[in-house]
Amino acid sequence: MQLLEGLIRPYAWGSRTSIATIRGLPTPSAHPEAELWFGAHPAGQAQCLDDHGRPDHSLLAEIEADPLAALGQPVIDEFGVRLPYLLKVLAADEPLSLQAHPSAEQAAEGFARENAAGIRIDAPERNYRDPWHKPEVIVAMTPFDALAGFRDAGRTVELLRELSLPALDPYLGMIAGQPDCHGLRALFTTWITLPEAVLAELVPAVIDAAVAVLAAGPTEFDAELRTLLELGEAYPRDPGVLASLLLNRIHLEPGQALYLAAGNLHAYLRGTGIEVMANSDNVLRGGLTPKHIDVPELLRVLDFAPVQPVQLSPEVTTLGAERIYVTPAPEFRISRVELDGTGMHQPSTISFDMPGPQILAVTSGRIEVRGGGEVITASSGQAVWLADGDPDVIVAVASSKGTFFRARVPLGAEADRAE
């Protein structure tokens with residue numbers, strides 16, 4: 001067992017209050033804090049703390065020192081000598097880029113192709129920085145908004161018609177005449193490849209039309225149009241503003257979750273949540289960003305099949321105080337555990353005896369993790385590393401209430417049930 005300190009990623013879209021509050025630090029923070037990483041990704045590693053609470057070595061170094069004890073043979077056999085998941089707190093005050101992630105086959109092929117082409121791993125134009133896929137799930141800790149997955153094409157036709165904008169008629173015809181995945185592909189491809197001069201006229205015109213619709217009174221597309229205005233203000237000549245009209249606008253309340261498989265075009269808009277993903281850094285961007293966009297490669301990985309928001313919600317099962325979010329991803333399983341010091345509303349302790357590498361990230365209160373004669377106390381904003389070779393543990397709340405998220409690798413029969 002090891003007490004972990006996470007790594008802050010200070011991206012511009014981050015919050016100056018959310019992560020600092022979780023860590024019990026003054027707010028606002030000096031800089032935006034977008035993510036708090038608990039993992040062993042080479043680009044950002046959690047630190048194992050010594051008995052005095054000082055960083056001693058990275059979690060990556062801990063794993064590499066004894067991979068078998070850290071990961072266990074089943075994990076090594078399936079994923080190699082690497083922690084297969086990355087756990088993080090994500091806090092967005094502004095929209096993230098429109099993006100998608102490749103499948104395992106696409107990632108392996110793309111990584112090999114770019115290596116053969118001699119593209120540096122850190123080159124801005126590099127698409128594949130490793131050979132792995134990146135499915136991910138986010139569990140909302142606050143109200144959380146996102147764009148995810150292509151909306152039913154018929155509903156998109158209704159939205160575009162409500163704008164009543166003649167300049168949209170040629171594009172509306174593409175999807176009205178073929179209201180399926182093929183029409184969505186044709187329209188998205190057309191929009192993302194429009195010349196900047198055309199975008200400079202079309203995007204403001206669409207925004208003006210949205211303002212007119214909203215000013216006329218309530219509309220069933222209120223959230224979609226308000227998101228369009230927000231994105232258009234930040235990115236006035238970006239095709240991603242138009243692309244937002246094709247995607248599901250999703251709102252999560254705390255405890256609800258969103259699972260994103262390969263090929264799902266998405267953008268987180270605002271909110272704080274716990275995110276766990278396969279341990280990869282492969283991102284294909286589609287807009288709402290000044291970063292590199294490789295349109296042919298993005299189109300190669302995108303899944304244009306329309307989805308309903310309910311299809312993006314993972315199955316949830318409850319086992320005592322543990323709320324488990326079940327997804328098809330073989331690399332991870334995430335669960336939320338709430339303990340009550342009084343024992344009146346929730347248990348005050350919970351025991352874990354499942355194998356494999358685990359991380360317990362505390363998001364409120366304090367917990368004590370006891371096992372093999374050791375006791376580790378973790379406060380909100382810290383985490384505990386449990387290696388495969390560690391003994392079974394009992395986790396007890398060390399404050400009036402305590403909440404933590406448990407990341408692990410589904411193994412054996414549990415992994416089979418998720419397929």
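Guide: The expected span of a helix is 1.5 Å times one less than its number of residues. The model discussed here is a predicted one.

Visitor: How many residues does α5 have, and how far does it reach?
Guide: Helix α5, residues 104–116, has 13 residues. From its first C-alpha to its last, α5 reaches 18 Å, close to the expected 18 Å.

Visitor: Which residues of α5 are buried?
Guide: The buried residues in α5 are Gln106, Ala107, Gly110, Phe111 and Glu114. They lie on the same side of α5, because they cover an arc of only 125° around the axis.

Visitor: And what covers the buried residues of α5?
Guide: The covering elements include α12, residues 295–301.

Visitor: Which exposed residues are on the face turned away from the buried side?
Guide: That face of α5 carries Glu105 and Ala116, which are exposed.

Visitor: What follows α5?
Guide: Glycine 118 follows α5, and its phi is positive, near 75°.

Visitor: A new topic, then: where does arginine 406 lie?
Guide: Arginine 406 lies in strand β25, which spans residues 401–408.

Visitor: Is arginine 406 buried or exposed?
Guide: Arginine 406 has a relative accessible area of 2%. Buried means under 20%, so arginine 406 counts as buried.

Visitor: Which residues does arginine 406 touch?
Guide: Leaving aside residues up to four places away in sequence, arginine 406 touches Glu322, Arg333, Ile334, Ser335, Phe352, Met354, Gln358, Ile359 and Leu360.

Visitor: What joins the side chains of arginine 406 and glutamine 358?
Guide: The two side chains are joined by a polar contact of 2.7 Å.

Methods: Residues are numbered from 1 along each chain as its sequence is written. This is a predicted model: local features need pLDDT of at least 70, side-chain atom pairs count only at pLDDT 80 or more; totals for chains, interfaces and linings use all residues. Side-chain values use heavy atoms; hydrogens and water are left out. Helices (H or I, at least four residues) and strands (E, at least two) are DSSP runs, numbered from the N terminus. Buried means under 20% relative accessible area, exposed over 50%, partly exposed in between (1.4 Å probe, protein chains only). The arc is that of the directions from the helix axis to the C-beta atoms. Contact means heavy atoms within 4.5 Å. A polar contact is a pair of N or O atoms within 3.5 Å; within protein, one must be able to donate a hydrogen and the other to accept it, and residues adjacent in sequence count only if both atoms are side-chain atoms.
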